[in-house]
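Colleague: Please show me the model. I would like to go through its aromatic rings.

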Amino acid sequence: MSQYLTLGKFSFGLGDRFGQQGRAQLQACVQAMALGAEVIPVWNKSNREHTFIGTEPSSLRAEADAAVKALGWNKSYHVDADHIRLETVDRFIAPSDFFTIDVADSIGQPAATADVNSFVDRHPELTGTVTIPHLAQSFSLTRVEVERVANQFLFAVQDAGKIYRHIAQAKGVANFVTEISLDETDRPQTPPELLIILAALADEAIPLQTIAPKFTGRFNKGVDYVGDVQQFEKEFNDDLAVIAFAIRQYGLPPTLKLSVHSGSDKFSLYEPMRRALANFGAGVHLKTAGTTWLEELIGLAEAGGDGLELTKEIYADASGHVDEFCAPYASVIDIDKKKLPPASIVNGWSSTQFTDALRHDPANPAFNPSFRQLLHVSFKVAAKKGDRYLNALKKHEAIIARNVTENLFERHLKPLLLGK
Ligand SMILES: [Zn+2]
């Protein structure tokens, strides 16, 4: 596992659906740096997003390079092929230097019996009582239980190995960061499961930099965490303990850390995360995406005139297609249809009424999470407007950039890295 590319201790995933906010996003990292918090920007875009918007992965590389040049950023930065698989990775290989290998769909598919047996034979340390420093409880597994967990995850890990080697062969091991994502599955992984997954990933000789497990609770798009914050904090600490242990036990890269997907707007989690990371001296990767597109809408609405008109048009179209737009995101949004204002009302709103409803400020009584989530999943409406939308972004660039930077810096990086 030598010579692989490593990721900085704290890194921040910047998704930008329309590719216009790279500089404004990077500016948030510049501001964090000025306060002493070094955070490495990673521009991420999934195959699904590229397909919806009609962009190519090379456009993300061009955006990142241009932003870095414009702001004179002299730390490292990366371009993440987010949620790729063997079928989708090829067009990402040249422009990307960070690959999020998504194996969630392979979880639960049984591995070959001989492979499961040799995994369990190779890892006698997993059978019996396993004591991990700082884990809330030690656990004890029988050989049959280790086999059962291996059956659940070994095939997915082998799948990850295949995709990793495909990229490594094409690109060279030294030229990219590897993340494995397990988040788009139906239940959180337990500490013994995470340990077994990491043991298997080490066997595949994947120089893993980040792993995205599934956490407890709901990580809805663009709104705060819904779930038991204390339980999340316990699981997050447990995951950190397991990772620290697995790094030593299995020789995984010392830079291995957690990645939190759908990480934007999870205001109630940043303080517990910050506490846990400080306890372990650990870093983290936090991915955001759609929160920036919503700041584009906020900026357009704030601009008034044709900008506000355009946001109203987008909402009117979205509110006519609620079921259609929400269907692909059913597990990551919670919209109360009764709370969606009719388009005829919104059409009469002022700039302030529109931005108060949309901006993620839980202290503002006019903030409407259903309105925000519907717009979050309605970026296809803006994509359909083509140049008209892009030209509006250019025309109102200054006001939008201010909102994009402020959102990422004040509401995300500051509470996560520096505390309020
Ligand atoms: Zn994800």
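Colleague: Which residues form one aromatic cluster?
Modeller: This is a predicted model, in which local features need pLDDT of at least 70, side-chain atom pairs count only at pLDDT 80 or more, and totals for chains, interfaces and linings use all residues. Residues are numbered from 1 along each chain as its sequence is written, and side-chain values use heavy atoms, with hydrogens and water left out. Rings of Phe, Tyr and Trp (its six-membered ring) pair if their centres lie within 6.5 Å; planes under 30 degrees apart count as stacked, over 60 as edge-to-face and the rest as tilted. The one cluster is formed by Phe215, Phe219, Tyr225, Phe232 and Phe236.

Colleague: How many aromatic pairs does the structure hold, and what is the centre to centre distance for Tyr164 and Phe176?
Modeller: The total is 19 aromatic pairs. Tyr164 and Phe176 make a tilted one, with 45° between the planes and a centre to centre distance of 5.6 Å.

Colleague: Are Tyr164 and Phe176 buried or exposed?
Modeller: Buried means under 20% relative accessible area, exposed over 50%, partly exposed in between (1.4 Å probe, protein chains only). By that rule, both Tyr164 and Phe176 are buried.

Colleague: Why is the pair of Tyr315 and Phe371 tilted?
Modeller: The ring centres of Tyr315 and Phe371 are 4.7 Å apart. The pair is tilted because the planes are at 45°.

Colleague: Which ring does the charged end of Lys380 sit over?
Modeller: A charge sits over a ring if NZ of Lys or CZ of Arg is within 6 Å of the ring centre and within 35 degrees of the ring normal. The charged end of Lys380 is 4.3 Å from the centre of the ring of Phe52.
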